[in-house]
Amino acid sequence: MKVSIQKISEATGFSPATVSNALNYKKGVNKDTAALIFKTAKELGYIEENRITKVKFVIYKRNGKIVDDTPFFPLLIEGVEKECRAKGYELVMCNLDQRDDDYEQQVKWMLSDTSAGVILLGTELMEEDLELYRGAKCPFLILDYWSNDMSFNGVLINNSDSARLATEYLIGKGHKNIGYLKGNFRIKGFRSRAVGYKIAMDKAGLPICEEQTVTLDTTMDGAYKDMMRYLETAKDLPTAYFAENDMMAIGAMKALQEKGYRIPEDISMVGFDDLPFCEIMTPRLTTIRVSKQEMGQLAVRRLHDLIQKKGEAKTKLQVCTQFVERDSVKDMIQG
């Protein structure tokens with residue numbers, strides 16, 4: 001019979017709530033207390049060294065500006081939950097905030113727990129954040145991020161190719177003056193999308209006008225306010241914009257419309273993510289659909305392989321996207 005948290009509580013003298021918080025790496029537990037609880041849990045057989053039954057889905061926040069303010073990630077988590085059920089894993093949701101005083105200690109505890117595999121949602125990771133995650137003792141995978149030195153297993157969106165195809169779509173519709181809506185928090189996904197945009201523009205021999213590259217907040221309301229400020233002094237707007245995500249695209253569209261611009265008659269717009277409200281806004285937003293649930297499921301499948309020790313090579317799995325044509329782009333060739 002499996003040892004209960006109550007049994008560990010009785011053996012250590014700490015409350016069941018403290019024991020549960022320690023075993024799930026929640027904040028507020030003294031490190032010495034946590035160490036004793038883990039030691040006792042292993043001795044009593046609560047933590048089985050050779051059998052992993054849990055998946056920890058860890059949401060990393062550098063500042064929360066991306067992961068806190070979009071419906072993208074709940075849809076991705078649905079996929080993780082579904083695949084964990086299919087594979088028989090208990091799913092434990094955790095938050096990891098770099099701004100916490102005990103952040104480094106939380107990471108060390110998480111990576112030393114051999115009773116669980118870890119999927120780290122790394123959307124807000126920067127290259128300099130990675131050193132702390134090397135040498136994990138548990139099966140470990142980063143979702144929505146990729147390390148340039150190829151030292152981690154990763155599942156991510158095919159950002160560069162997707163942005164290139166979206167820009168090529170605008171070019172194919174006769175747009176030669178294509179602006180770029182750029183997030184003010186330069187996560188790796190955004191930087192890869194900027195590369196794809198540049199590749200398409202260079203390939204077509206079209207200039208990239210720095211004055212038409214607009215840096216916006218990554219939230220919908222923030223993007224709206226930043227675009228309103230930009231439009232106060234902007235001249236010679238492009239015929240189309242590619243936005244690094246739908247939140248920025250929608251915020252910018254609202255600002256443009258309030259300033260009297262018609263979409264797509266005056267200015268076209270393409271976003272990235274295909275969030276649920278893209279279909280119901282006016283005009284409906286042309287965008288890039290990311291298979292969010294499938295991406296979460298794929299991460300669990302790859303982690304399952306790592307748990308089963310199938311293959312030692314690090315892998316980078318890129319999820320391809322789908323271009324969704326709606327109403328926010330004018331065909332300049334047809335008129």
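**View 1. Pairing of β1 with β3.** In β3, K56 has V118 as its bridge partner, and β1 and strand β3 (residues 116–121) pair in the parallel sense over six bridges, where two strands pair if DSSP finds at least two bridges between them. Helices (H or I, at least four residues) and strands (E, at least two) are DSSP runs, numbered from the N terminus. This is a predicted model, in which local features need pLDDT of at least 70 and side-chain atom pairs count only at pLDDT 80 or more, while totals for chains, interfaces and linings use all residues. Residues are numbered from 1 along each chain as its sequence is written, and side-chain values use heavy atoms, with hydrogens and water left out.

**View 2. The two faces of β1.** Strand β1 (residues 54–61) is mostly covered, since eight of its eight residues are buried, that is, under 20% relative accessible area (1.4 Å probe, protein chains only). K54, K56, V58 and Y60 point one way from the strand, whereas V55, F57, I59 and K61 point the other way.

**View 3. Pairing of β1 with β2.** Eight bridges join β1 to strand β2 (residues 90–97), and the two run parallel, with V58 standing opposite C94 in β2.

**View 4. Surroundings of Y241.** Y241 lies in strand β8 (residues 240–243) and is buried, with a relative accessible area of 0%. Not counting residues up to four places away in sequence, the residues that Y241 touches include L170, Y180, V214, M227 and I267, contact meaning heavy atoms within 4.5 Å.

Technical notes. Buried < 20%, exposed > 50% of the residue type's maximum accessible area, 1.4 Å probe, protein only.
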